[in-house]
Amino acid sequence: MNTNRYSLRRNALAVALCCRGCFFCRGTDLPFFPNMAVVLKVACRGPLGSLRGCWGFGRPQFPLLLEKQRAIAVPVVRHQGSQSIKSPPRSYVPETSLSKPPWPELSVIDPVEEAKQHQEVVLKVSSILAEGKYGRLFAVVHFASRQWKVTNEDLILIENHIDAECGDRIRLEKVLMVGGEDFTLIGRPLLGRNLVRVEATVIEKTESWPQVYMRFWKRHRYQRKKIIVQPQTVLRINTVEVASRLS
Amino acid sequence: MVFLTLSHWIRSRGPDRWWRVQEVLKHARHFRGRKNRCFRLAVRAVQRAFVYATKGRQKKRRVMRKLWISRIAAGTREHGMKYPILISNLVKTGVQVNRRVLCDLAITEPRSFQSLVALAKARREEGLRAALGDGKEPPGVFSRIVQSH
């Protein structure tokens, strides 16, 4: 079976090679399928000109004539044809489910180029920070087990008790992200303490409105009613500042 | 002549019934129909309202999270990526920004959101490159499929 396959492949190649000499087949590049089945199909059609559009082998002077004609005909065809058939390149493989690997094509990265680009970005951001050419900054702060996106003059309502008194100035230390119009600093997961400073004042310490917690099962004569009053704190964010140098 | 025993015969059933009834009716004043006036109907309606409020507070957390997720997904798709890929790659890079803030960033800080998307994309490509390696087969591997080229 192996030898049969091999011989068939040779036939197919021979057919293809001969075909290249033909005028018509030069125009349409027969794609060389790596698939065995297709090669068999091509070979089984027989060596004598039963391939579509392939003109016979039995006329040796025909290619020469065609060459001459081609030299004249082709430029004419090129000027005329808005609908000329464009031949795909030889490396063309038609798109099937197995023609490409299922993962996306990745571009090759030059590490030197990449390092250069990174350094450029860092320089740009540090120049912006050094000159102070930023307007309003926002910060993502982790406080009281929640994350808040915060700017200057913001009010925050926190549903629990804080040990600071009213009017105390507080520094919120766990900063995840800081940004302005032209730059963002993303922490992994936190940004350094000497990089960002977010200050807030405690404005109000109250209790929430009485919320009713009720459970009721029908047909079981079960109901429980509880009134929950949460302590609340209101903070006003005074400033979000970034250090002038990226270390 | 003053009849004093008449006043002894007056009984007060319970001096605060009106106030107890008002405690329930005050929660029902904005209801529709007779349940905002009549105590018997109001009691049941108020009970159901309280139960729905407690359950709603628990469901609100779930609903809000779903909303954030769908908004973040919409934002990432605008930039040509998908939500699960964004989240998994952000976790791998060590960024611990939560969904609520991501949603806010997607709405109010589009450039920062785009930078996060780009970060996740880069991390993803890095991971794929690490997985693909050289592109060559490891040595000493053989298989039953005979390569004929």
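**Figure 1. The salt bridge between A:R136 and A:E153 in a predicted model.** A:R136 is partly exposed because its relative accessibility is 46% (buried is under 20% relative accessible area, exposed over 50%, partly exposed in between, with a 1.4 Å probe and protein chains only). Helices (H or I, at least four residues) and strands (E, at least two) are DSSP runs, numbered from the N terminus. Residues are numbered from 1 along each chain as its sequence is written, and chains are lettered from A and ligands numbered from 1 in the order in which they are written. In this predicted model local features need pLDDT of at least 70 and side-chain atom pairs count only at pLDDT 80 or more, while totals for chains, interfaces and linings use all residues; side-chain values use heavy atoms, with hydrogens and water left out.

Figure 2. A:D182 counts as exposed at 51% relative accessibility. B:R111 is also exposed, with a relative accessible area of 51%.

**Figure 3. B:R129 and B:E125 in helix α6 of chain B.** These side chains form a salt bridge in which the closest N and O atoms are 3.9 Å apart. The residues are separated by about one helical turn, because they are four residues apart in the helix. B:R129 is partly exposed at a relative accessible area of 26%, and B:E125 is partly exposed at 29% relative accessibility.

**Figure 4. Packing of α4 against α6 in chain B.** Helix α4 (residues 83–93) and helix α6 (residues 110–132) of chain B pack at an angle of about 80°, with their axes 8 Å apart. Axes are lines fitted to C-alpha atoms, for helices over the stretch in contact, and angles run from 0 to 180 degrees between N-to-C directions. The angle makes α4(B) roughly perpendicular to α6(B) (under 35 degrees is roughly parallel, over 145 roughly antiparallel, 65 to 115 roughly perpendicular and the rest oblique). Residues of α4(B) in the contact (heavy atoms within 4.5 Å) include B:I85, B:L86 and B:L90. Those of α6(B) include B:L116, B:L119 and B:R123.

**Figure 5. A network of salt bridges in chain A.** A:R169, A:R197 and A:E199 are linked in this network. A search of the whole structure finds nine salt bridges over all chains. The secondary structure of chain A comes to five helices and ten strands. Buried residues make up 25% of its 247 residues.

Note on methods
A salt bridge is a side-chain nitrogen of Lys or Arg within 4 Å of a carboxyl oxygen of Asp or Glu.
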